[in-house]
Amino acid sequence: MITFKNVTKEYPPKTHALAGVSFRINAGEFVSITGQSGSGKSTVAKMIFAEERPTSGQILIGDWDISKIGRADIPILRRQIGVVFQDFKLLPKKTAFENVAFALHVAGESGKRIREVVPHVLKIVGLAEKGHRYPRQLSGGEQQRVSIARALVHRPKIIVADEPTGNLDAITAREIMELFTRINDFGTTVLLVTHDRDIVNGLHKRVITLRDGKVSSDAEKGKYLLT
Amino acid sequence: MRTFFRIIRFAMQSMLRNFWLSFVTVSVFVLTLITVNAVIILNVLANASVKSVEGRVQVTVYFTSDASVDTVKSTQSYLLGLSQVKDVSYVTAEDALIAFKETHKSDPVILGALDEVDGNPLGQALKIRAYNAADFPFILEALETPEYAPFIKDKNYNNYESALKVLGNFSEKIRIGFLVLALFFGFIAMLIVFNTIRVAIYVHREEIGVMKLVGANDWFIRGPFLLESIFYAFIATGIMAGIIATTLRFANPYIVAFFQGVDVDLVAYYSTNALPMFGAQFGILAFLGLATTAFAMRRYLRV
Ligand SMILES: Nc1ncnc2c1ncn2[C@@H]1O[C@H](COP(=O)(O)OP(=O)(O)OP(=O)(O)O)[C@@H](O)[C@H]1O
Ligand SMILES: [Mg+2]
């Protein structure tokens, strides 16, 4: 589903964020990427939805080589990948419902379809009753659920989440992780970037650890390796 | 199509959210248009005045008293044969005298002098009008032939020529002045549009970021800003048309009265030319706005 082949990334003038990263994630997997701050985790995530391009190497999504993706193709890629961030990235002047609907608006979906799909995904994330609320009227965990709903609304095959629990307390974080696990159970590939030891250890899933821009370990049913 | 309506809505929203910026932008557009229309109106008025003054210019050719009626009549038909000549009217010696007395009726010295002389000191005359005042030198030159010259006592311009020149110069200068002003305002307008779009991009940066993340294409992101500048042009042109319509409605009687006898109907002029004229003004504004917006987006909107 996601293949990195010897990917390097250099931010000018001379930060080598990634130095030859290779891995392969199969459809339906749940993979955590961990590593110390600055080890290149976010860079890996950004490359998957083409916010950054590799300096060298190859990235395949399915069998689509996105290493040199054209500008016009980026929206097509992004409608197939759901992204979730630490800071939620919700629009404060839109309700939860509108925030989710926005992703469909942008893709030119019909109002009818929007009215069908949005309540459905809000229900999946457990916010069926709170669609009319504005982000400021929601707790952090609820806001993150809205952003997950927005990521799901295109029915993506892949969800990429960069520190989705970074702003949440431990209990809320665990709830969000349960949500991701459930989404993964439906068959969606989940790529989770995190440096939260408890979360990684609680998942019992594959863990890829980065160190200085390289894969330092890649283990099935892995553990958080750093101290 | 659906996407198109969403783009329109987004553009409207952006304009309303930055109401004062939109207001300033439209105002400067309107200022630009006001100067442009001032040039247009000035042109219309100046052309009408020049035409009307030109139409009044006439040259009177006085014949000696020994010239026969036939000589004068043949001069008249000779002049009428010239393509530059509009018409030539014949004035008998008696009529010339009556007219002379009429113009000088408040001048007892001249009238007294006239009484001293026996008989009619004035001869016959021809009054010549030309299609174009500039052709008079040629027409008068044409009379310098041995056939007619000996009978011609005097040729007299009523002195509109210098007035025409003054009028021409004056309207030319004002026109250039307003054109410079229009260019100046146009330039300011572009700067302001640039800034407005820059601020609009800034205000929407969050939204734009999210739009990109969820897979909006370029056109969906850029469209609203381009549309916004077209809206500004449209609104400004509409306001300008309103200003012109109301001002002319109230001012037209005064303008007509002021230019007595000159055929200046600005209302008619604007109503017959409204579509192409305001169309062109809208077109130019929209073009300027789009170009500036495209430029602002290149700088501030990385898609
Ligand atoms: N846009 C950028 N320009 C220049 N350097 C960058 C840029 N983004 C990241 N870097 C550098 O690349 C390296 C990897 O950054 P990255 O964001 O991938 O780290 P990370 O593992 O996500 O760290 P954290 O856990 O703190 O989020 C860092 O040294 C960072 O300073
Ligand atoms: Mg990071």
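## Basis of the model

Because the model is predicted, local features need pLDDT of at least 70 and side-chain atom pairs count only at pLDDT 80 or more, whereas totals for chains, interfaces and linings use all residues. Residues are numbered from 1 along each chain as its sequence is written, chains are lettered from A and ligands numbered from 1 in the order in which they are written, and side-chain values use heavy atoms, with hydrogens and water left out.

## The shell around ligand 1

Around ligand 1 there are 13 residues, of which A:Ser37, A:Gly38, A:Lys41, A:Ser42 and A:Thr43 come nearest; a residue is counted as near if one of its heavy atoms lies within 4 Å. The shell divides into 2 nonpolar, 9 polar and 2 charged residues, where Ala, Val, Leu, Ile, Met, Phe, Trp, Tyr, Cys and Pro count as nonpolar, Asp, Glu, Lys and Arg as charged, and the others, Gly among them, as polar. Both β2 (15–25) and α1 (41–48) of chain A supply at least two residues each, and the largest share, 3 residues, comes from α1(A); helices (H or I, at least four residues) and strands (E, at least two) are DSSP runs, numbered from the N terminus.

Oxygen atoms of ligand 1 lie 2.5 Å from a polar side-chain atom of A:Ser37, 3.3 Å from a backbone N or O atom of A:Ser39 and 2.7 Å from a polar side-chain atom of A:Lys41. Of the 630 Å² of accessible area that ligand 1 has on its own, the protein covers 63%, as computed by the Shrake-Rupley method with a 1.4 Å probe.

## Salt bridges

Over all chains, the whole structure holds 13 salt bridges, each being a side-chain nitrogen of Lys or Arg within 4 Å of a carboxyl oxygen of Asp or Glu. One of them joins A:Arg145 to A:Glu175, with the closest N and O atoms 3.5 Å apart. A:Arg145 lies in helix α5 (residues 140–152) and A:Glu175 in helix α6 (residues 170–185) of chain A, so this pair ties together parts that are 30 residues apart in sequence. A:Arg145 is buried, at a relative accessible area of 16%, while A:Glu175 is partly exposed at 36%; buried means under 20%, exposed over 50%, and partly exposed in between (1.4 Å probe, protein chains only).

In chain B, the side chains of B:Asp87 and B:Arg129 meet in a salt bridge at 3.8 Å, N to O. B:Asp87 belongs to strand β2 (residues 85–91) and B:Arg129 to strand β3 (residues 125–130) of chain B, so the pair links parts 42 residues apart in sequence. Elsewhere, A:Glu29, A:Arg206 and A:Asp218 are linked in a network of salt bridges.

Terms used. Polar contact = N/O pair within 3.5 Å; in protein donor to acceptor, adjacent residues only side chain to side chain.
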